Amino acid sequence: MNKKSPIEKILIVGLGNMGLKHLNIIRKSLPRSQIFLFSDRLNDNFTLSNLADGLLCSLDEVINFSPQIIVVANAASNHLKIIKKFTKLQAHFLVEKPITHNLKNANEFFENIKIHERVFQVGYNLRFLEALIKFKEIIRADTLGSIFSIRAEVGQYLPDWRSGFDYRKSVSAQKKLGGGVLLELSHEIDYLLWIFGDVRSISAFVNKASNLDIDVEDQAILKLKFDNLCSQNNEVVATLHMDFFRRDTSRSCTVIGSKGTLRIDVISGEISFFDSNLGQWEVIYHSSNTVQETYLAQWDSFINCIKDNRKPKVSIGDAFKVISIIEGAKKSNIEGCKFVPFCGDLSLS
């Protein structure tokens, strides 16, 4: 597609919550475009949204439609399969996170994608939260001095995620669809890599601790050793706690340094700093957008990358690094929580 051509045809793969979220955003952003949904598996309860122009159910129908943009928002276990099926189309891709549920055939997939000139962005939308962007800027500006410790957490009760929906039928709850805290809450892994750089080794404890009716892990505790963190020579370990059972929803990161402590509440978008000289906390920043609004910011960035022929803010290389961390965590858990070398040795960019 010529970068100056108008965007007239969009395909959304996936009829669940994320597919509908993208549909709402795209319809508001491009009200005159044709937006079709795709699914080769329909149930009797399916009702086509009035925001969509139609439903496609076969590869031939998609080829005839010839979309300029394809949004992949189905189960993670089917992401690469769908992308491979549609890769010959001259379309740009926005793929929901995680990019896949494991690294099987990842190199083959990546080599196939590299030969096509297109924008390929992965949906780690927290990268577009103004507070998290500011958080990174403060850390990289050496405000904290030497960094000693990083502590991140994300916890929320799975049955409360979507009102009126049986959590047991969700992607999050099912191993075969790519569920579990490591994949479903992988935003935290992504932003830790984005802010603090490459990881040298991983140690993890992964288990199912609650009585939730799911066949995946609902708790993971990761320790990530960063390699030359923010140009520092000292070794720094970040701990990340993730769970599906916390009733008081929490999403935060605290960084402890020689000059003070920096803390972000991702949900409220508030950043606080404890100055070691003053001995007190001070709120220093509040986000101008909410987590929900980051989905629109993500879409706008994606469209601008297409128009300006720029690389996306979240690349497929970034996304595969997250999966590498997850596989390293699972390996460490099997081996008894020992640190294992970071397995992100794919030739990704």
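Ser-149 stands opposite Val-237 in β10, a strand that joins β7 through seven bridges in a parallel arrangement. Strands (E, at least two residues) and helices (H or I, at least four residues) are DSSP runs numbered from the N terminus. Two strands are taken as paired if DSSP finds at least two bridges between them. The model is predicted, so local features need pLDDT of at least 70 and side-chain atom pairs count only at pLDDT 80 or more, while totals for chains, interfaces and linings use all residues. Residues are numbered from 1 along each chain as its sequence is written, and side-chain values use heavy atoms, with hydrogens and water left out.

Strands β7 and β10 belong to an open sheet of nine strands with mixed pairing, in the order β14-β13-β12-β11-β7-β10-β9-β8-β15. Because β14 (280-286) and β15 (340-341) stand at the edges with a single partner strand each, one side of each is left without a neighbour in the sheet. Strand β10 also runs antiparallel to β9, to which eight bridges join it; Lys-223 stands opposite Thr-239 of β10. On β11 (residues 250-257), β7 (residues 147-155) has an antiparallel partner joined by eight bridges, and Ala-152 has Cys-253 of β11 as its bridge partner.

Helix α7 (residues 187-196) touches β7, β8 (199-207), β9 (219-226), β10 (236-243) and β11, and its direction makes about 155° with that of β7. Angles run from 0 to 180 degrees between N-to-C directions, with axes as lines fitted to C-alpha atoms, for helices over the stretch in contact. Helix α5 (residues 130-140) lies across β7, β11, β12 (260-265), β13 (270-275) and β14, at about 165° to β12.

Strands β11 and β12 run antiparallel and are joined by six bridges. A hairpin of two residues links them, and Gly-257 stands opposite Gly-260 of β12. Six bridges also join β12 to β13, again antiparallel, with Phe-274 in β13 as the bridge partner of Thr-261. The hairpin of β12 and β13 has four residues between the strands, and Gly-269 there takes a positive phi near 75°.

A further open sheet consists of six strands in the order β3-β2-β1-β4-β5-β6, with parallel pairing. Its edge strands, β3 (54-56) and β6, each pair on one side only. Neighbouring strands of this sheet are turned by 20° against each other on average, direction ignored. Five bridges join β1 (residues 9-13) to β2 (residues 34-38) in parallel, and Val-13 stands opposite Phe-38 of β2. Helix α8 (residues 294-308) lies across β1, β4 (69-72), β5 (92-96) and β6, running at about 155° to β5.

The structure holds ten salt bridges, each defined as a side-chain nitrogen of Lys or Arg within 4 Å of a carboxyl oxygen of Asp or Glu. One of them links the side chains of Asp-318 and Arg-127 (3.4 Å, N to O). Asp-318 lies in helix α9 (residues 316-334) and Arg-127 in the loop between β6 (120-123) and α5, so the pair ties together parts that are 191 residues apart in sequence.

How values were computed. Contact = heavy atoms within 4.5 Å.
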